[in-house]
Amino acid sequence: MAGKIAFDHCVVHVSDFARSNAFYAAVLGAEVVPVGAGFAYRFGDRQLNLHGPGVDPVPVARLPVAPGNSDLCFRWNGPIAEAAAHLAAHGITPELGPVPRFGALGRGTSLYFRDPDGSLLEFISYDDAPGEQP
């Protein structure tokens, strides 16, 4: 089945579309896409679908995602110091990092921060990863 399955989208729940749209566009570079009464955040050919005010999605997970309970990692293409400077330029102080982590491409270096609802977000960089890639 290799090559037949690829990640397409996942869901994040937000409590305020205007606030989250501004954050995800400015800090994460998302294309904000109107979808019915709500929005999606597009990153190239990957997407975050949003649950939020005025949106009644069907079906949902057995325990539906709530504002602030997501944990997402975004790849930073460049040194992690650039990611830290980018966050600082947006008034965001990382909660943790830089710290070594293991992601989809192997060993990387990560910074952790939060979206406006408190969901945990991570930038991982493979450019200055400790050690060799597996």
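Of the 134 residues of this protein, 37% count as buried, where buried means under 20% relative accessible area, exposed means over 50%, and partly exposed lies in between, with a 1.4 Å probe and protein chains only. Before I continue, please note that this is a predicted model, in which local features need pLDDT of at least 70 and side-chain atom pairs count only at pLDDT 80 or more, while totals for chains, interfaces and linings use all residues. Residues are numbered from 1 along each chain as its sequence is written, and side-chain values use heavy atoms, with hydrogens and water left out.

Let me turn to the overall fold. The secondary structure comprises 2 helices and 8 strands; helices (H or I, at least four residues) and strands (E, at least two) are DSSP runs, numbered from the N terminus. Along the sequence, these elements follow the pattern β-α-β-β-β-β-α-β-β-β.

As for dimensions, the C-alpha trace spans about 45 × 45 × 25 Å along its principal axes.

Contacts are defined as heavy atoms within 4.5 Å. Among the contacts with a separation of 6 or more, 52% are accounted for by residues 24 or more positions apart. The accessible surface comes to about 7800 Å², and 56% of this belongs to carbon and sulfur atoms; the areas come from the Shrake-Rupley method with a 1.4 Å probe, and for residues only the protein chains shown count as cover.

I now come to the charges. The protein has 9 positive and 14 negative charges, and their mean positions are 7 Å apart. In this count Lys and Arg are positive and Asp and Glu negative, while His and the chain ends are not counted; each charge is placed at NZ of Lys, CZ of Arg, CG of Asp or CD of Glu.

Side chains of opposite charge can pair when their charged atoms come close. How many salt bridges does the model contain? The count comes to 3, a salt bridge being a side-chain nitrogen of Lys or Arg within 4 Å of a carboxyl oxygen of Asp or Glu.

One of them joins R19 and D117, whose closest N and O atoms are 2.9 Å apart. This pair links distant parts of the chain, 98 residues apart: R19 belongs to helix 1 (residues 17-28), and D117 to the loop between strand 7 (106-114) and strand 8 (120-125). R19 is partly exposed, with a relative accessible area of 36%, whereas D117 is buried, at 18%.

Another salt bridge is formed by R114 and E95, with the closest N and O atoms 2.6 Å apart. Here too distant parts of the chain are linked, with R114 in strand 7 and E95 in the loop between helix 2 (80-89) and strand 6, 19 residues apart. R114 is partly exposed at 37% relative accessible area, and E95 is partly exposed at 48%.

A further salt bridge connects R46 and D45, at 2.6 Å from N to O. R46 counts as partly exposed, at 32% relative accessibility, but D45 is exposed, at 58%.
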